[in-house]
Amino acid sequence: RESDHRAWTPVTCTVTRQNATVQGLTEGKAYFFRIAAENIIGMGPFTETTKEIIIKNPITVPDRPEDLEVKAVTKNSVTLTWNPPKYNGGSDITMYVLESRLIGKEKFHKVTKEKLLDRKYTVEGLKEGDTYEYRVSACNIVGQGKPSFCTKPITCKDELAPPSLDLDFRDKLIVRVGEAFSLTGRYSGKPAPKVTWLKDDNVLKEDDRTKIKTTPTTLCLGILKSVREDSGKYCVTVENSTGSRKGFCQVNVVDRPSPPVGPVIFDEVHKDHMVVSWKPPLDDGGSEITNYIIEKKDAHKDLWMPVTSATVKTTCKIPKLLEGREYQIRIYAENLYGISDPLISDEMKAKDRFRVPDAPEQPIIKNVTKDSAVVVWNKPYDGGKPITNYIVEKKETKATRWVKVTKDPIFPSTQFKVPDLLEGCEYEFRVSAENEIGVGDPSPPSKPVFARDPIAKPSPPVNPEAVDKTRNSVDLSWQPPRRDGNGKIIGYLVEYQKVGDEEWKKANLSADSCPETKYKVTGLTEGLTYKFRVKAVNAAGESEPAYVPDPVEVKDRLEPPELILDANMAREQHVKAGDTLRLSAVIKGVPFPKVSWKKEDHEVSPKADIEVTGVGSKLEIRNTVHEDGGIYSLTVENPAGSKTVSVKVVVLDKPGPPRNLQISEVRSDSCYLTWMEPEDDGGSVITNYVVERKDVASAQWVAISSSSKKRSHIAKYLIEGTQYLFRVAAENQFGRGPYVETLKPIKAIDPLHPPGPPKNLHHVDVDKTEVSLAWNRPDRDGGAEITGYLVEYQEDGADEWTKFQTVPMLDCVVTGL
């Protein structure tokens with residue numbers, strides 16, 4: 001019962017032990033308790049507690065403090081911190097006791113004499129080089145609790161930490177001229193490192209545009225209103241006595257290019273067109289020149305007319321000129337960031353400039369016989385008027401006078417068979433071209449040639465070898481001679497010699513009985529060793545003999561298969577689509593092995609031609625397509641064993657069409673194109689994309705980019721209100737793939753959208769109640785000039801953002817935090 005109540009409340013009547021737990025009591029109240037025993041006859045008298053009992057938790061000493069850590073060490077001091085115990089024993093902590101033990105001693109000694117309530121303490125007056133361990137205890141009204149776990153042994157010496165460097169910028173940064181940029185990061189180290197900024201290995205110093213800010217933990221380099229000369233390799237070095245760290249950033253400040261370099265050279269001038277050339281700009285603005293814009297103007301008018309804006313070469317044909325008029329040419333260079341100032345040519349009159357043809361190059365002499373020779377030459381420049389005739393002349397090398405080989409005109413053919421040569425004489429030939437203006441200079445003389453039939457004895461056969469043998473025969477094989485002496489090979493003579501004899505015996509009596517490059521020598525004696533040789537025969541006679549390298553012992557043999565791979569059976573074979581795939585290997589083995597070709601463990605395509613000869617096998621697929629690629633394997637097998645080789649074939653083709661062509665950010669003079677790479681790159685890296693546009697009222701597609709490696713493009717110079725179609729194709733080294741075209745026309749009108757998000761938001765400096773922020777302009781302004789930037793902040797963990805203020809510049813200091 002409660003002490004201020006008289007009524008007793010039963011707790012339990014089923015206790016058989018001599019103890020019980022009473023639950024459901026109220027903390028702070030006083031209670032009396034009583035107990036009675038009961039048996040089968042009935043309940044006995046109660047025994048009551050002599051005095052009231054107040055309900056409250058018992059008070060004990062505190063638990064041990066937690067997370068004792070060493071925060072700093074010098075040669076004569078140690079700084080430690082810790083966290084309070086998980087349980088304070090039911091009473092507030094009144095003080096902490098910090099103890100230390102010198103390593104090598106047994107006892108801990110109290111460090112603090114004064115009452116310590118802070119959970120951080122610096123032990124001073126230590127001896128440099130001594131090693132200590134520390135522990136801390138908590139005290140409450142009851143007494144001192146258990147000590148914490150000891151620290152690791154700590155030696156008194158000055159702390160050294162090599163510099164660390166954490167940068168907020170990447171290896172490369174592209175900045176538009178006039179924009180600001182900053183390179184920021186954080187660093188640390190003991191002793192405090194020295195921070196140095198360099199550009200192209202030269203130390204940077206602050207000036208009107210260059211700002212350097214360094215705090216004990218942060219570093220920042222800012223460049224205001226950047227210029228092209230700010231491009232370069234920036235380096236920040238953080239160094240102290242223990243070492244140094246460096247960070248690098250290649251900054252490219254980009255701008256429109258400088259004008260093309262003049263003067264404009266008129267390479268060709270005609271009555272209706274000209275060909276001009278120029279040199280690229282001295283400064284490409286830090287970005288590759290995408291194209292040149294060429295315009296023409298009648299010198300007596302003020303209107304410039306476009307010629308082309310799609311050329312990437314430094315030469316251009318100016319068409320559609322009026323004869324006798326004087327013209328000026330104007331050339332702009334363009335990159336991704338704008339169009340240069342123009343290069344303007346001198347005035348030039350459109351009129352033909354004619355002259356006699358140039359001299360042809362040195363002619364080549366072919367098919368020389370005892371009384372004729374064929375002279376071949378290349379067409380020279382015609383001087384502006386078509387060539388009407390060629391004049392071919394000959395002379396004996398020791399003579400001085402050139403003689404025409406015919407009075408008949410020679411045109412348009414650029415070769416002529418010269419008749420009536422004298423056998424055995426040495427001749428030179430030359431060629432001149434003629435147009436309506438006159439006869440041009442003659443070519444240099446040809447190389448001297450003798451007038452005689454070219455046939456000679458052939459060279460010896462190549463690589464004769466014994467490919468098989470039995471107990472009374474040997475099979476020989478060889479390759480044709482490298483030179484047939486300009487006469488047809490009639491056949492081959494095969495001879496053999498028993499080792500030890502001097503006499504060579506003929507295996508065949510005449511060359512025409514062995515027209516092929518193999519022969520079976522029979523009638524040999526088993527167990528003897530023979531040498532073999534082969535001669536090639538044409539109408540001029542027999543060649544020198546080619547010998548089988550090693551003597552051959554005549555006997556039956558069994559050899560496992562052997563594969564000698566040709567170069568086209570390397571591990572990986574690349575074939576251009578439409579070309580012919582050839583895989584071949586030399587095969588050896590006795591008996592000759594069974595040959596099988598597989599592709600990916602299946603039969604090869606029916607379009608494949610497979611040829612098996614007595615010395616090898618060849619697989620050939622004409623007009624290859626992308627699907628012909630894969631793993632091809634060649635297996636050879638005979639009773640002595642088997643052997644398999646594989647080769648990976650990649651069929652290279654033009655890429656497929658780009659995917660998911662999208663048009664966005666449509667304006668009155670431009671729009672933004674994006675697309676995805678083709679599903680199939682043709683087996684080769686995509687080198688560039690070709691972007692074209694077309695006015696819906698025109699049948700002509702106009703190229704607006706032909707060298708872009710990116711999968712996006714800004715189409716400029718649109719005419720407001722005009723509807724356009726766009727298409728994109730991918731190119732690799734094997735050609736241009738099919739185009740993907742926009743599904744419906746795009747009308748060039750200005751939309752108005754919210755601007756894109758600011759880029760690279762980062763803090764420049766931090767204080768107790770304020771943060772300095774900086775950011776870069778967004779990629780897109782939504783079709784209207786950006787009037788300001790709204791800065792908001794949010795406390796970590798909160799849901800709502802608080803508006804701070806709207807600022808016109810690219811930085812802001814948020815205060816009142």
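The model is predicted, and local features are reported only where pLDDT is at least 70, side-chain atom pairs count only at pLDDT 80 or more, and totals for chains, interfaces and linings use all residues. Residues are numbered from 1 along each chain as its sequence is written, and side-chain values use heavy atoms, with hydrogens and water left out.

## Annotated domains

An unreviewed UniProt entry carries the annotation "domain: Fibronectin type-III" for residues 1–58, 64–159, 259–353, 359–454, 460–557, 657–751 and 757–817. The annotation "domain: Ig-like", also from an unreviewed UniProt entry, covers residues 163–252 and 561–646. UniProt positions are given in the numbering used here, feature names are shortened, and annotations may be inferred rather than shown by experiment. The table sets out four of these spans; helices (H or I, at least four residues) and strands (E, at least two residues) are DSSP runs, numbered from the N terminus.

| Span | Helix | Strand | Distance between end C-alpha atoms |
|---|---|---|---|
| Residues 163–252 | 0% helix | 64% strand | 28 Å |
| Residues 359–454 | 0% helix | 36% strand | 30 Å |
| Residues 561–646 | 0% helix | 62% strand | 16 Å |
| Residues 657–751 | 0% helix | 49% strand | 30 Å |

Strand E39, residues 491–498, is mostly covered, since seven of its eight residues are buried; here buried means under 20% relative accessible area, exposed means over 50%, and partly exposed lies in between, using a 1.4 Å probe and protein chains only. Two strands are said to pair if DSSP finds at least two bridges between them. E39 runs antiparallel to strand E42, residues 529–538, and eight bridges join the two, with lysine 498 standing opposite tyrosine 530 in E42. E39 also pairs in the antiparallel sense with strand E40, residues 505–506, over two bridges, and here tyrosine 496 stands opposite lysine 505. The hairpin of E39 and E40 has six residues between the strands, and in this hairpin glycine 500 takes a positive phi near 105°.

## The largest nonpolar core

A nonpolar core is a set of buried Ala, Val, Leu, Ile, Met, Phe, Trp, Tyr and Cys residues joined through side-chain atoms within 4.5 Å. The largest such core has 20 residues, of which Leu583, Trp597, Leu619, Tyr632 and Leu634 touch the most other members. At least two residues of this core come from each of the strands E48 (581–590), E49 (594–599), E52 (616–621), E53 (630–638) and E54 (641–652). In soluble globular proteins, nonpolar side chains tend to be buried together. If contact is taken to mean heavy atoms within 4.5 Å, then leucine 634, leaving aside neighbours within four places in sequence, is in contact with residues including Met569, Val595, Trp597 and Val645.

## Two residues and their surroundings

Glutamine 328 lies in strand E26, residues 326–335, and counts as buried because its relative accessible area is 16%. A polar atom of the glutamine 328 side chain lies 3.2 Å from the backbone oxygen of serine 345. Not counting residues up to four places away in sequence, glutamine 328 touches several residues, among them Trp304, Ile344 and Ser345.

Lysine 370, by contrast, lies in the loop between strand E30 (364–366) and strand E31 (373–376), and is partly exposed, with a relative accessible area of 39%. Lysine 370 and leucine 421 are 51 residues apart along the chain, yet their C-alpha atoms are separated by 7.1 Å.

## Aromatic pairs

Rings of Phe, Tyr and Trp (its six-membered ring) pair if their centres lie within 6.5 Å, and planes under 30 degrees apart count as stacked, over 60 as edge-to-face and the rest as tilted. The whole structure holds 15 aromatic pairs. One of them joins tyrosine 724 and phenylalanine 726, which form a tilted pair with 6.3 Å centre to centre and 40° between the planes. Tyrosine 724 is buried at a relative accessible area of 4%, and phenylalanine 726 is buried at 1%. Elsewhere, ring pairs link Trp377, Tyr390 and Phe411 into a cluster.

## Backbone details

Phenylalanine 411 is also joined to proline 412 by a cis peptide bond with omega of about 5°. A cis peptide bond likewise leads from glycine 262 to proline 263, with omega near 0°, and proline 263 lies in strand E21, residues 261–269.

Terms used: Polar contact = N/O pair within 3.5 Å; in protein donor to acceptor, adjacent residues only side chain to side chain.
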